[in-house]
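My notes follow in the order of looking.

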Amino acid sequence: MARVASPVLQLLLTVLGTLVMTGGEEIRVPPSIVSPVEGLQLSYTEHDRVEVKCSATGQPPPSYKWLWDGNDINSDYITFSATTGILTIPSLTTREEGSFVCYARNTFSNGMTATAVSATVEIRVARVGDFVKRSIESYSGTEGNYVTIPCDKILRKYYGAITFKWYTVLGSRNDEVFPDERKLIDQGGNLHFSYVLESDERAGSTTYKCAISSIKANVIRIGNENSLTVTSTGPIRNSAPRLEYSTSGSFLIVEIGKNATLECVFSG
């Protein structure tokens, strides 16, 4: 699963600062969002019940309003409580997907108002799109050398946690390729061989296929065919380790407090 970038928390105030009135008059504290304060992308199984709570401090206690894709919510399928701040979708489908933002507002006795705006919450049904069909891609390598096979050059959008897998395919038979001391499936789904052997060759009627698995969507999408030809030049010679792949790009961007996975592949 890709994450939603945290937006700048906006504070829209018609009251500047906190005004504390003495002599028994009201205490005025503009609202401040407690949750959600960071952008979220939430994925659910289709027809799950969804509840997202917005909470804010303030005096008098604020009321709440949610917007859906920038618009007022006028739907029989999505509701929210102005008192508790809870957004409710009783049975989520793609119809109710989108970006949701909470507004917390309090109104003072003099008619002035103050409003705080939450971070964006993106709500999606967990799913994985089909691979874009293409002709077979051919790869080759010399026995003892490094080879990589991309999962696919064009990956369809997916929502929710996914796992990349690889299979060798012969007709209707799919045999899973498991990572080991020579093979790695990286976070982008690409298959790496630190060094290939003749036994890794898959050509003709047998090919390699990348797959994307989603537990929430209860589906495995199997991709396109890839052939691998391995040329033998005799005994494999010893060679010094050489870095062939390391984690880069968007996989180096990790939310504070979350786990980070760094990968590398050496040939040799």
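**Disulfides.** I took a disulfide to be a pair of cysteine sulfur atoms within 2.5 Å. Such a link is a covalent bond between the sulfur atoms of two cysteines.

Before going on, I noted the ground rules. This is a predicted model, where local features need pLDDT of at least 70, side-chain atom pairs count only at pLDDT 80 or more, and totals for chains, interfaces and linings use all residues. Residues are numbered from 1 along each chain as its sequence is written, and side-chain values use heavy atoms, with hydrogens and water left out.

How many disulfides does the structure hold? I found two. In one, the sulfur atoms of C54 and C102 are 2.1 Å apart. The link of C54 and C102 is left-handed, with -85° about the S-S bond. I located C54 in the loop between β5 and β6 (55-59) and C102 in strand β11 (residues 98-107), so this pair ties together parts that are 48 residues apart in sequence. Strands here are DSSP runs of E, at least two residues long, numbered from the N terminus.

I then checked burial. Buried means under 20% relative accessible area, exposed over 50%, and partly exposed in between, with a 1.4 Å probe and protein chains only. C54 has a relative accessible area of 0% and is buried. C102 is buried too, with a value of 0%.

The other disulfide joins C151 and C210, with 2.0 Å between the sulfur atoms. I read -85° about the S-S bond for C151 and C210, a left-handed link. C151 lies in the loop between β16 (147-149) and β17 (158-159) and C210 in strand β22 (residues 206-214), so the pair connects parts 59 residues apart in sequence. Both C151 and C210 are buried. With the bonded cysteines numbered in sequence order, I wrote the pairing down as 1-2, 3-4. I also looked up C264, which is partly exposed at 46% relative accessibility.

**Salt bridges.** My rule was a side-chain nitrogen of Lys or Arg within 4 Å of a carboxyl oxygen of Asp or Glu. By this rule I count 14 salt bridges. K165 and E176 form one of them, at 3.5 Å from N to O. K165 lies in strand β18 (residues 163-170) and E176 in strand β19 (residues 173-177), so the pair ties together parts that are eleven residues apart in sequence. E176 is partly exposed at 30%.

I next looked at R173 and D175. Their closest N and O atoms are 2.9 Å apart, in a salt bridge. R173 is exposed, with a relative accessible area of 54%, while D175 is partly exposed at 30%.

K183 and D180 form another salt bridge, with 2.7 Å between the closest N and O atoms. Is K183 buried or exposed? K183 is buried, at 13%. D180 is partly exposed, at 34%. I also noted a network: E97, E122, R124 and R127 are joined by salt bridges that share partners.

**A three-stranded sheet.** Strands of a sheet pair through backbone hydrogen bonds, either parallel or antiparallel. I counted two strands as paired if DSSP finds at least two bridges between them. The order in this open sheet is β5-β10-β9, and the pairing is antiparallel. β5 (50-53) and β9 (79-80) stand at the edges with a single partner strand each, so one side of each has no neighbour in the sheet. I found four bridges between β5 and strand β10 (residues 86-89). V52 has L87 in β10 as its bridge partner.

**N226.** I found N226 in strand β23 (residues 219-231). N226 is buried, at 0% relative accessibility. A polar contact is a pair of N or O atoms within 3.5 Å; within protein, one must be able to donate a hydrogen and the other to accept it, and residues adjacent in sequence count only if both atoms are side-chain atoms. The N226 side chain reaches the backbone oxygen of N224 at 3.2 Å. Contact means heavy atoms within 4.5 Å. Beyond four places in sequence, the contacts of N226 include R134, Y139, W166, R202 and Y208.

**Confidence.** pLDDT is the predictor's confidence in each residue, from 0 to 100. I noted an average of 89 for the protein, with 91% of the residues at 70 or above. Over residues 1-23, pLDDT stays under 50. Where pLDDT is low, the predicted coordinates should not be read in detail.
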